[in-house]
Amino acid sequence: MEERPKVLVTAFDPFGGESINPAQVAVMLLPDEIDGITVIKRVLPVVFGRSAEILCEIIEEERPVAVISVGQAGGRPSITVERVAINIDDARIPDNDGVKREDTPIAIDGPAAYFSTLPIKAIVSDLKESGIPAAISDSAGTFVCNHIMYSALHWAALNQLELKAGFVHIPYLPEQTVDKPNMPSMSAENIIAGLVIIIKTVL
């Protein structure tokens, strides 16, 4: 019996003083199978270096056809699909191990940037058609989100993998904005529905 194709969807644990991470909440509530695709769900630590090591180990073990990494972007009102990851760690806050990197290359021998290999325009179009606010973002930042996106694409390039990979940022959940007046948010139901659409569009 032929093994079903797999998509790896990653999230992060809470960081920056938050008690929850909407990515972790939404990703872990995704179905285990979508249109014949096995959905592998993993939560990564918000830690430079170790997060990428764990991600690459999962890719090696599971051999997915696509990696969709998901993270929190508090302040953004819509689901934003990242276009590019850059080869730099430069953090405003420390990671969850207390490490604060400044102007540190992710891969010494790596290119300056990688473009997402996900169909980013089709994803945004499909999300909007379903009534979910969405946009393309041209900056994944320089924290662990960018670190993971760059690392996945660099691993695929080094190992010549036919792997679609990219990053999706999601807004706060409403319960995170109780003490943040006028801060945009999105319900877990809409985020989960959006991630299902993204998986279907990618595959």
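**Exercise 1.** Find how many bridges join β5 to β8 and which way the two strands run.

*Solution.* Four bridges join β5 to β8, and the two run parallel. Strands here are DSSP runs of E with at least two residues, and helices are runs of H or I with at least four, numbered from the N terminus. Two strands pair if DSSP finds at least two bridges between them. Within β8, isoleucine 136 is the bridge partner of valine 81. Next comes β9 (residues 164-170), which is joined to β5 by two bridges and runs antiparallel to β5. There, histidine 169 is the bridge partner of threonine 80.

The model is predicted: local features need pLDDT of at least 70, side-chain atom pairs count only at pLDDT 80 or more, and totals for chains, interfaces and linings use all residues. Residues are numbered from 1 along each chain as its sequence is written, and side-chain values use heavy atoms, with hydrogens and water left out.

**Exercise 2.** Decide whether the faces of strand β5 (residues 79-82) are covered or open.

*Solution.* Buried means under 20% relative accessible area, exposed over 50%, and partly exposed in between (1.4 Å probe, protein chains only). Ile79 and Val81 on one side are buried, as are Thr80 and Glu82 on the other. Both faces are therefore covered.

**Exercise 3.** Classify the ring pair of phenylalanine 15 and phenylalanine 143.

*Solution.* Rings of Phe, Tyr and Trp (its six-membered ring) pair if their centres lie within 6.5 Å; planes under 30 degrees apart are stacked, over 60 edge-to-face, the rest tilted. The whole structure has four aromatic pairs. In this one the centres are 5.8 Å apart and the planes at 45°, so the pair is tilted.
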